[in-house]
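Subject: Handing over the model and some notes on it

Dear colleague,

Please find the structure below, followed by my notes on what was found in it.

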Amino acid sequence: MTLPDSFTQYTRSLMGDELYGKLLRGLADEPPVSIRINRAKCHASPDGARPVGWCTDGWYLQGRPAFTFDPLLHAGWYYVQEASSMFLHHVISQHVADASLMLDLCAAPGGKSTAALGALPDGSVLFCNEPVRQRAQILAENMQKWGRPEVVVTNSMPADYARSGLEFDVVLCDVPCSGEGMFRKDEGAIGEWSPQNVDRCAALQRQIVADAWQCLRPGGLLIYSTCTFNAKENEQNVAWICSSLGAELLPVSTDAAWAITGSLSDCLAGPVYRFIPGVTTGEGLFMAVMRKRGERLPAAAPPRRRQNRQGARNRAAEYNGWIEKPDDFDFFTPADSIVAIPKGMAAHYETAARTLRIVHAGVTIGTIKGRDIIPAQSLALSVALRPGAFTRAELPYSQAIAYLRKEQLQLPEGTPRGFTLVTYGGAPLGFAKNIGPRANNLYPQEWRIKSSHAPGDDSRPAVICTDMMNDGCRE
């Protein structure tokens, strides 16, 4: 790995010779492979794995399996995430005690959003946003696979949120950065690095935080993070947030065994958290936790507006049996779809719909097509799906991969006609429509596995047990 001279000179000066030498040795090593389990769907522990200290759901694997060809990844049983980023789980677990409204402002592809869902108290609602349209679609896909209904995915600019009228208890600004912490995993990041880009990123980060600050409630929590090493995007920006916006730095309790590094700049003496390859077992990450000064008052729900939901009400008898506890949801019909929104977040959803571009929210029950309601992929993967709502067809590995490639599908003999929930190892993958001699594969075209590799049965990944869902999994 050849690093730019200007990066070497600056970073050695910032870290000192000893710490910089550890970084270089770390960058020369193979990066660790880690996953985070979705406890809403599975309680399994990967074979031969060791735990990530700062995340109760995180595990280091012994090697890197072919994740693309693991149906359980597509079913949302786990998320592949580098371990340092899982520190967010520890931060939220320590500092968020009550049900909260949280915003992940720069959320794609969804790793930190899914980590937040695993740590937020019951009754919380998460807005996750991505300004780039294509990346917002990937974010929506991953959030639907995770299966939690208390989520709104948007494709808006930070300034749009500042004007939205929404006020959040927690805001995560995992800001776009120069990417120095990803040098080991992505050599393209080295080619894109320059001192000028560092300066551009630092300025952009301040603007993003300034916009986010406007929709953070007094007493609310701001979590600032980057995946870079330099102090301009890290300590200097945190010092600016504290001095210009009035934020108060908060400590996070850690274990000395985690080998997390503190501030490296004289401009900031307060608690910040650096993950450095060669020191900690993970990629480069910087995180700081701040509170907005002021008295934290109980949040008032935004005003409700009467929506035209006649289409949803007229068809309620057809889909009410598809989800658990339908009385806990309000139903909307945007663009001929039926969307179930948890009642506790319906007012926030309505407020967002007036000013923000919503890509996904709650559970998309299905699409109205004439006299039919076509059940949606979102429903298949949601933890709100009622067991027994649909005929299930358990597929062997080869057919599960064919389904995920949106190829021709052979359902088990005797499968009744109609909409069928396709499963692998008991985990729902999506829907098919059995029409007798063949079955229509309803897996989303844009989600399909695009690799031309043809895995055989002997190459199936073995990350998590597939004996049964939830309590049937190996503890």
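A pocket is an open set of points on a 1 Å grid over the protein atoms alone where a 1.4 Å probe fits, with protein on both sides within 12 Å along at least five of seven lines, and lining residues have an atom within 4 Å of a point. The volume of this second largest pocket is about 760 Å³, a volume being the space filled by probe spheres set on the points, which are joined across faces, edges and corners. It is lined by 30 residues, of which Q144, S337, V359, H360 and T364 are the closest to its centre. By class, the lining of the second largest pocket holds 18 nonpolar, 9 polar and 3 charged residues, where Ala, Val, Leu, Ile, Met, Phe, Trp, Tyr, Cys and Pro count as nonpolar, Asp, Glu, Lys and Arg as charged, and the others, Gly among them, as polar.

Please keep in mind that this is a predicted model, in which local features need pLDDT of at least 70 and side-chain atom pairs count only at pLDDT 80 or more, whereas totals for chains, interfaces and linings use all residues. Residues are numbered from 1 along each chain as its sequence is written, and side-chain values use heavy atoms, with hydrogens and water left out. The pLDDT, the predictor's confidence in each residue from 0 to 100, averages 92 over the protein, and 93% of the residues score at least 70.

The largest pocket holds about 1200 Å³ of space, and among its 45 lining residues A108, P109, R135, D174 and C227 are the closest to its centre. Helix α9 gives the most to this lining, with 4 residues, and the lining of the largest pocket is made up of 24 nonpolar, 10 polar and 11 charged residues.

Helix α9 (residues 195-214) also packs against helix α10 (residues 235-245), at an angle of about 40° and with the axes 11 Å apart; axes are lines fitted to C-alpha atoms, for helices over the stretch in contact, and angles run from 0 to 180 degrees between N-to-C directions. Where the two helices meet, with contact meaning heavy atoms within 4.5 Å, the residues of α9 include W213 and those of α10 include W240.

Best wishes
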